[in-house]
Amino acid sequence: MTALTHDFVNASEADSPLDIVPAAGRIGAEIRGIQLSGDLDEITVAAIRAALVRHKVIFFRDQTSLDDAAQEAFAERIGQPVAHPTVPVAEGSRFLLELDSREGYAASSWHTDVTFVPAYPEASILRAITVPQAGGDTLWANGVTAYEELPDGLKTLVDGLWAVHTNDYDYAGAFANAPAERVQQHKSVFASTVYETEHPVVRVHPESGERALLVGHFVKKFVGLNAADSQRLLAILQDHITKPENTVRWRWRAHDVAIWDNRSTQHRAIADFGLQRRTLRRATVAGDVPIAIDGRRSRAITPATEPALQAAE
């Protein structure tokens, strides 16, 4: 097994202009003393992006001035925002996705956002509006440290392995105790157009050069393996990614913002809040097509061309 190097310690950055406080040993950091907006200067925006690549997920408390319009303006400073390929935008917004658990149910399985398309988002920006008095935390996992810690034999296997990702997945398994009609309603929207994409299981990060495991609940199967073997291997890889040492857990407060590098992480909500209201809005920033270790790029299977994600006007 490959031991982690000092470079993977989630430490503070003495040379950053930001006040960065690590939130866990391998992933996550809180950035203090900043109010997010579309008016941030270039130095601050560059420092936020650098912190995002290094820490994988970054948190900001008390963003009380951030409404829908300001969140959209800030997202435009981070990159090129895009709407979700199947889910309608939140009312009154240009590209925000609303995550609202009115009935006490939330999708609660490990995933990387929108990996069923080739150029899935590079980052997500999630703002908490209404949060439960207790429960409803979110977990993130570090796909880079997970890959680094794989046994050598398993690492050799995944270095050349590809997986088919789709939005036509097991919705009942993702929603804890949700009624069948609620699950079907969600699926009818989320999978209104079915996408399938082949991605490398190990993605090379376009900025850091790090190698990260790219799997999660959108994986349908591994290329060259049958369904049963695919599920066994997926469970093994997911266990490596989501073990506690590779994760950070965030206890939400209203007006919190979390930004994660969608190219190197997975995340999941914890559906332990009963009938309490939990409302958040998410902006996503356009990404590029993943590159495998051997230089090959991900490709669309169904539809056979890259979907045209709706960019902000």
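Biologist: Hi! Is Trp 110 buried or exposed?

Modeller: Trp 110 is buried, at 14% relative accessible area. Buried means under 20%, exposed over 50%, and partly exposed in between, using a 1.4 Å probe and protein chains only. This is a predicted model, where local features need pLDDT of at least 70, side-chain atom pairs count only at pLDDT 80 or more, and totals for chains, interfaces and linings use all residues. Residues are numbered from 1 along each chain as its sequence is written, and side-chain values use heavy atoms, leaving out hydrogens and water.

Biologist: Thanks! Which residues does Trp 110 touch?

Modeller: Not counting residues up to four places away in sequence, the partners include Leu 139, Trp 140, His 217 and Arg 268. Contact here means heavy atoms within 4.5 Å.

Biologist: New topic: how many salt bridges are there?

Modeller: The count comes to 27 salt bridges. Each is a side-chain nitrogen of Lys or Arg within 4 Å of a carboxyl oxygen of Asp or Glu.

Biologist: What about Arg 249 and Asp 137?

Modeller: Their side chains meet in a salt bridge at 2.8 Å, N to O. The pair links distant parts of the chain, 112 residues apart: Arg 249 is in strand β13 (residues 247-250) and Asp 137 in the loop between β6 and β7 (138-142). Strands (E, at least two residues) and helices (H or I, at least four) are DSSP runs, numbered from the N terminus.

Biologist: Which of those two is buried?

Modeller: Asp 137 is, with a relative accessible area of 7%. Arg 249 is partly exposed at 47%.
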